[in-house]
Amino acid sequence: MDNQGANLLRMMAGLMKNGMLSGALQNISALQNISKAGSGGSPLGNLSTLAALAGGMQQSGTGTMTETVEQEREEKDMGQVYFAQDETGSSWRREERVELLIDFCREGYAQAKRHGHFLIGTAGQENYIAIPGRFLVEDQPAGGKTGFTLWQPLRGGEELCGNLTDIGQEAAEMVYGYWIARLSSETLEVSEV
């Protein structure tokens, strides 16, 4: 990864650490565009513009685009319970811009793209990422090598699959859920829950 990419990831990690993960994810595309395009010959462009986007603020006007998008998403996600029993205790948010995974979670990209989304969860100071899929090795990001070892069925699916140690092939192929990993607020690295 080049210095520009490393700087971008460090900035995102700082936003995550300060509880601003959703804003960081919403603005990563804009940050990447500024980083690529540059301004005034600087590879990262105008740092005040970059900082404003990272903070979810517009440079002019009273409201922010991020606040409006956040509010719309919160209303859409309000009351949405993905799991009957959640081992992480997280509040989950659906993210449909799967291309964001290319920058910090490549192993989950193909599966998320197939399903058109992934989830981001927060519980206190902990952050999580959930990739949709069945309880099958071919659906598990990187075969679990990078930390996606926790699988939780979608709400209602727990009745069909019961205890995961005894799950049959038919139930495993039929029941959908999410492969979950911890997401470091320091480095954006994925690790086991």
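Ala142 sits in the loop that joins strand E3 (126–134) to strand E4 (150–153), and in this predicted model Ala142 has a positive phi of about 55° although it is not a glycine. A second residue with this feature is Leu188, whose phi is near 65°, again a positive value in a residue other than glycine; Leu188 is placed in the loop between strand E5 (176–183) and strand E6 (190–191). Most residues other than glycine have a negative phi. Ala142 counts as partly exposed because its relative accessibility is 34%, which is between the limits of 20% and 50%. Leu188, in contrast, counts as buried because its relative accessibility is 3%, under the 20% limit.

**Overall arrangement**

The secondary structure of the protein chain comprises eight helices and six strands, and from the N terminus on these elements follow the order α-α-α-α-β-α-α-β-β-β-α-α-β-β. Of the 193 residues in the chain, 44% count as buried, while the accessible surface comes to about 10,400 Å², with 49% of that area belonging to carbon and sulfur atoms. Among the contacts with a separation of 6 or more, 62% are made by residues 24 or more positions apart.

**Strand pairing around E3**

Strand E3 is mostly covered, since eight of its nine residues are buried, and it pairs with both E2 and E5. The two pairings are set side by side below.

| Strand pair | Sense | Bridges | Residues standing opposite |
|---|---|---|---|
| E2 and E3 | antiparallel | five | Thr122 and Asn127 |
| E3 and E5 | antiparallel | seven | Gly133 and Gly177 |

E2 and E3 form a hairpin with two residues between the strands, and in this hairpin Gly124 takes a positive phi near 65°.

Gly177, which lies in strand E5, counts as buried because its relative accessibility is 2%, under the 20% limit. Leaving aside neighbours within four places in sequence, Gly177 is in contact with Ile131, Pro132, Gly133, Trp151, Gln152, Pro153 and Leu154; of these, Gly133 is the residue that stands opposite Gly177 in the pairing of the strands. Gly177 and Phe83 are 94 residues apart in sequence, yet their C-alpha atoms are 8.4 Å apart in space.

In soluble globular proteins, nonpolar side chains tend to be buried together. The largest nonpolar core here has 22 residues, of which Leu101, Phe118, Ile129 and Phe148 touch the most other members. Helix H5 (101–104), strand E2 (118–123), E3, helix H8 (169–174) and E5 each supply at least two residues of this core, and the largest share, three residues, comes from E5. A second, separate core consists of nine residues, including Phe83, Ala130, Leu150 and Tyr178.

Apart from its neighbours within four places in sequence, Phe148 is in contact with Cys105, Glu107, Ile129, Ile131, Gln140, Pro141, Trp179, Ile180, Ala181 and Val190.

Methods. Residues numbered from 1 in each chain as written. Predicted model: local features only at pLDDT ≥ 70, side-chain atom pairs only at ≥ 80, totals over all residues. Heavy atoms only, no water. Helix = DSSP H or I, 4+ residues; strand = E, 2+ residues; numbered from the N terminus. Buried < 20%, exposed > 50% of the residue type's maximum accessible area, 1.4 Å probe, protein only. Core = buried A, V, L, I, M, F, W, Y, C linked by side-chain atoms within 4.5 Å. Contact = heavy atoms within 4.5 Å. Areas by Shrake-Rupley, 256 points an atom, 1.4 Å probe, with all protein chains shown as cover. Pairing = 2+ DSSP bridges.
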